[in-house]
Amino acid sequence: MVEELAQADDAIAACVDAPAWPLPEHDLIAALDAAHRLQQRLAAVTLTLIREVDGRGIARTQGASCTAVWLRERLRLTVPAARRLIDLATSLDTGNPGIRQALADGNLSLDQARVITDTVDTVNRSADAETADKAVGVLVGWANQFDPTHLRKLGTRILDHVAPDIADAATRAALDAEARRATRDRHLTLSEQTDGRLRLTGTLDTETAALFRAATDPLTTPSGPDDTRSPGQRRHDALADICRLTLRTGELPEHGGDPAQIVITTNYDALTRQLSSGTLDTDLSLTPEAVRRLACDASILPAVLSGTGQVLDVGRQRRLITGPLRRALVLRDRGCAFPGCDRPPRWCHAHHIHHWADGGTTSLGNAVLLCGHHHRHVHQTDWVVRLGDDGHPEFIPPAWLDPEQLPRRNHYHRRT
């Protein structure tokens with residue numbers, strides 16, 4: 001397969017370099033159709049390979065927490081996109097073979113294949129295999145005419161076409177399946193932008209949507225005739241108010257031995273002169289005005305930094321890696337330090353590089369932040385953790401994974 005894919009890559013490379021402007025209209029459209037068809041057929045090959053990678057457990061063998069995270073690193077995908085590919089690859093491998101064949105023939109897009117897979121899964125709960133095969137045939141035929149959204153709507157009444165005698169009973173099953181998909185597809189994504197802001201995207205299930213509206217609606221009404229905020233700005237401010245109210249309750253669970261809190265790194269002397277900007281423990285920046293505003297409602301935790309920004313001291317040292325020592329660790333690592341992991345500090349454990357049981361000290365120079373998965377992974381495998389010359393952690397992979405054993409670092413939390 002590798003040789004055949006290399007040949008296909010060469011052929012496509014030749015097309016990339018070929019200009020499109022000389023093509024007459026008919027040939028231009030035909031070329032677009034052919035490129036789209038090839039994309040769909042290659043998608044079928046990709047799903048087959050992903051299914052095999054997942055089945056072999058390659059991701060965990062190489063230190064990733066799951067196949068989706070491994071695909072993010074390998075193919076530069078988002079984790080939700082990787083999960084959707086894994087789910088579809090599994091469905092095509094274990095479900096009706098007609099769907100995979102239609103994708104391999106170039107007759108379906110990935111989104112259409114997902115719709116048909118979901119629909120046929122519902123049909124299988126209400127009818128026999130013969131009916132499911134009929135449903136696949138009808139839906140694949142419709143795919144030549146309808147986009148995924150319209151195809152899903154048509155699929156809700158597919159049994160009216162292939163098995164009208166059980167259609168009514170299956171309608172309820174379809175509604176139940178849709179509810180399960182809503183639960184499965186719920187997600188919330190935080191994407192850091194270059195200017196330090198966060199883009200919030202996601203899909204809430206019905207119950208959570210109701211809770212969100214109930215909590216935000218009282219806070220989104222205009223504060224008076226002089227309130228010039230847009231509806232979107234009022235919703236933004238309502239979410240901020242809810243977060244502040246929740247933090248003030250003191251009832252949130254602890255993370256790594258510390259209460260839920262905002263940690264800001266700034267220059268104390270400059271702060272008192274109202275000149276200093278600040279950096280959150282999530283590596284986002286704040287204006288001097290925001291730092292002063294938050295400082296009004298917070299205790300000040302002094303952190304002494306060297307000229308290169310390395311933490312030298314942050315209060316009294318303790319036996320366990322909690323309190324001031326953990327805050328120093330968060331300031332340095334900013335999240336799980338294992339290469340390729342994007343888990344934030346609040347999800348991480350503090351790991352002794354030289355184990356406590358073996359005489360290792362509880363100090364910043366002998367500690368590293370690791371998420372639960374990578375904490376277990378480091379203890380159970382031959383990865384070696386050490387601090388580099390600049391005082392930041394680096395990881396040496398086992399020889400079977402990298403014969404040259406070149407040190408690796410996490411680049412998700414620290415700008416290079």
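The side chains of Asp 333 and Arg 332 form a salt bridge with an N to O distance of 2.7 Å, a salt bridge being a side-chain nitrogen of Lys or Arg within 4 Å of a carboxyl oxygen of Asp or Glu. Both Asp 333 and Arg 332 are buried, that is, under 20% relative accessible area, where exposed denotes over 50% and partly exposed the range in between (1.4 Å probe, protein chains only). The model is predicted, so that local features require pLDDT of at least 70 and side-chain atom pairs count only at pLDDT 80 or more, whereas totals for chains, interfaces and linings use all residues. Residues are numbered from 1 along each chain as its sequence is written, and side-chain values use heavy atoms, with hydrogens and water left out.

By the stated criterion, 14 salt bridges are counted. One of them joins Arg 152 to Asp 118, with the closest N and O atoms 3.3 Å apart. Arg 152 belongs to helix α9 and Asp 118 to helix α7, so this pair ties together parts that are 34 residues apart in sequence; helices (H or I, at least four residues) and strands (E, at least two) are DSSP runs numbered from the N terminus. Arg 152 is partly exposed at a relative accessible area of 26%, while Asp 118 is buried at 13%. Helix α9 comprises residues 148-155 and also contains Thr 149, which is exposed at 54% relative accessibility.

Helix α7 (residues 110-126) has 17 residues, which at 1.5 Å a residue should span 24 Å, in agreement with the 25 Å between its end C-alpha atoms; the expected span is 1.5 Å times one less than the number of residues. The buried residues of α7 include Arg 114, Asp 118 and Thr 122.

Strand β8 (residues 348-352) is largely enclosed by the rest of the structure, because four of its five residues are buried. Five bridges join β8 to strand β9 (residues 367-371) in an antiparallel arrangement, strands being paired if DSSP finds at least two bridges between them. Within this pairing, Ala 350 has Leu 369 of β9 as its bridge partner.

Strands β10 (residues 384-387) and β11 are likewise antiparallel and are joined by four bridges, with Leu 387 partnered by Pro 393 of β11. In their hairpin, five residues lie between the strands, and Gly 391 adopts a positive phi near 85°. From β11 (residues 393-396), Pro 393 and Phe 395 point one way and Glu 394 and Ile 396 the other, and all are buried. Phe 395 is also linked by ring pairs to Phe 338 and Trp 383 in a cluster.

The side chain of Glu 394 meets that of Arg 409 in a salt bridge (3.4 Å, N to O). This pair links distant parts of the chain, Glu 394 lying in β11 and Arg 409 in the segment after β11, 15 residues apart. Glu 394 is buried at 12% relative accessibility, whereas Arg 409 is partly exposed at 28%.

Technical notes
Rings of Phe, Tyr and Trp (its six-membered ring) pair if their centres lie within 6.5 Å; planes under 30 degrees apart count as stacked, over 60 as edge-to-face and the rest as tilted.
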